[in-house]
Amino acid sequence: MDTFVDGHGYLAACTAGLPTRGTLAAARADLDAWSRAESTPLRYGALVEEGRALFATIVGVPADRVATGSQTSVMTAVVAAALPDGAEVVVPEGDFSSIVFPFLAEAHRGVHLRSVPLEDLAASIGPDTVLVAWSAVQSASGIVTDPAPITAAARSVGALTLCDLTQAAGVLPVAAADFDVTVTHAYKWLCAPRGVAFMTLSDRALAELRPVQAGWYAGQDVWASCYGPAMRLADDARRFDVSPAWPAWPGAVAALRHVASLDMATVWRHATGLADQLADVLGAPRRGQAITTFADATGSALTALTAAGITASGRAGRLRLAFHHWNDASDVTRVADALRAVDGFRAGD
């Protein structure tokens, strides 16, 4: 079975995942093949299809509901472009820009973005709401949102749902079929090279959205779609594919093979268990999240961790720690020891 590189002291999967040994081997083999002039589009195309199928397995949808791309914001922009003039979009306050900015960019046609507290998201969906968009796990705080009340409220008024799974897929069990659209960049908890992203679409989304970024890779037969003027788009979610960033895919497929072999409930228990252990040691409340944060307005806690050889991140005035496959109890001890030495640090904040 594939294994990850040594990630002790690395608590930043929410920023970028670490590679498996299989990912490194696949990426290096691809570079070697390129150096020998042995790389071919057909080989990369086969990898894209394998990656599509693996991601579909991970998020629980058929492969024909999965589109491939390279950035979540581009996929969100497809949804934004399909909204009617004057549409109301509801999002949580402070959610990641990839599911916020594409809607703000449609303000010239009257698309109105309404930001509400995360805990009020479901209650804020009303008869004028055309779409509600949110992250399954909040990037800045690690908060996990129960999707059931949100999707139920959206259905009651006929609103579309868009859920960003970037901070969830690969660590938290997710069911993409619960939403009209999901977007996921694979370089975080799925531990793929940057440049591989996925979009899932429901029946309604496939019927209502337009592939405004259509290119040769969106064709029913990609090798017959290289030249205009005739265009025959794929019948399924592939109509939303964009031309793949080829060098990212060999390593991505190796990573996805590994993730697909895991039980996500077990992965989630491991990650949240370590975060809760840290809370216990520091005397902070347990949150049951893989991402845990502490107040760090001056950045002194992040600086102390960095000096101790620990990789973490800072977001929205808080220290952000993410526990994943490669972490264990020794990381909890190292982080706790470093934070206890920071003047003025209070874990309860």
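Close-up 1. Serine 330 comes out partly exposed, at a relative accessible area of 36% (buried is under 20%, exposed is over 50%, partly exposed is in between; 1.4 Å probe, protein chains only). Keep in mind that this is a predicted model: local features need pLDDT of at least 70, side-chain atom pairs count only at pLDDT 80 or more, and totals for chains, interfaces and linings use all residues. Residues are numbered from 1 along each chain as its sequence is written, and side-chain values use heavy atoms, with hydrogens and water left out. You'll find serine 330 in helix 10 (residues 329-340); helices here are DSSP runs of H or I with at least four residues, strands are runs of E with at least two, and both are numbered from the N terminus. Its side chain makes a polar contact of 2.4 Å with the side chain of aspartate 328. Such a contact is a pair of N or O atoms within 3.5 Å; within protein, one must be able to donate a hydrogen and the other to accept it, and residues adjacent in sequence count only if both atoms are side-chain atoms. For a sense of span, serine 330 and aspartate 221 sit 109 residues apart in sequence and 51 Å apart in space, C-alpha to C-alpha.

Close-up 2. What is the nearest side chain of opposite charge to aspartate 331? That would be arginine 334, 4.6 Å away, and this buried aspartate has no salt bridge (a side-chain nitrogen of Lys or Arg within 4 Å of a carboxyl oxygen of Asp or Glu; for charge, Lys and Arg count as positive, Asp and Glu as negative, while His and the chain ends are not counted). The side chain of aspartate 331 does reach the backbone nitrogen of glycine 9, at 2.6 Å. Leaving out residues up to four places away in sequence, aspartate 331 touches His8, Gly9 and Trp326, where contact means heavy atoms within 4.5 Å.

**Close-up 3. Salt bridges around helix 6.** The whole structure holds 14 salt bridges. One of them pairs aspartate 203 with arginine 65, with the closest N and O atoms 2.4 Å apart. Aspartate 203 belongs to helix 6 (residues 203-208) and arginine 65 to the loop between helix 2 (41-59) and strand 1 (66-69), so the pair ties together parts that are 138 residues apart in sequence. Aspartate 203 is exposed at 53% relative accessibility, whereas arginine 65 is partly exposed at 23%. Within helix 6, arginine 204 and glutamate 208 are four residues apart, about one turn of the helix, and their side chains meet in a salt bridge at 2.9 Å, N to O.

**Close-up 4. A buried salt-bridge pair.** Arginine 109 and glutamate 106 join side chains in a salt bridge of 2.6 Å, N to O. Arginine 109 counts as buried at 19% relative accessibility, and glutamate 106 does too, at 14%.

Close-up 5. Strand 1 pairs with strand 7 (residues 197-201) in the antiparallel sense over four bridges, and alanine 67 has methionine 199 as its bridge partner in strand 7.

**Close-up 6. Strand 8 and its neighbour.** Four of the five residues of strand 8 (residues 291-295) are buried, so the strand is largely enclosed by the rest of the structure. Strand 8 pairs with strand 10 (residues 318-322) in the antiparallel sense over five bridges. Isoleucine 291 stands opposite alanine 322 in strand 10.

Close-up 7. Most residues other than glycine have a negative phi, and most peptide bonds are trans. Glycine 228 and proline 229, however, are joined by a cis peptide bond with omega about 5°. Alanine 37 has a positive phi of about 60° and is exposed at 72% relative accessibility. Alanine 316, in the loop between strand 9 (313-315) and strand 10, has a positive phi of about 55°.

Conventions: Pairing = 2+ DSSP bridges.
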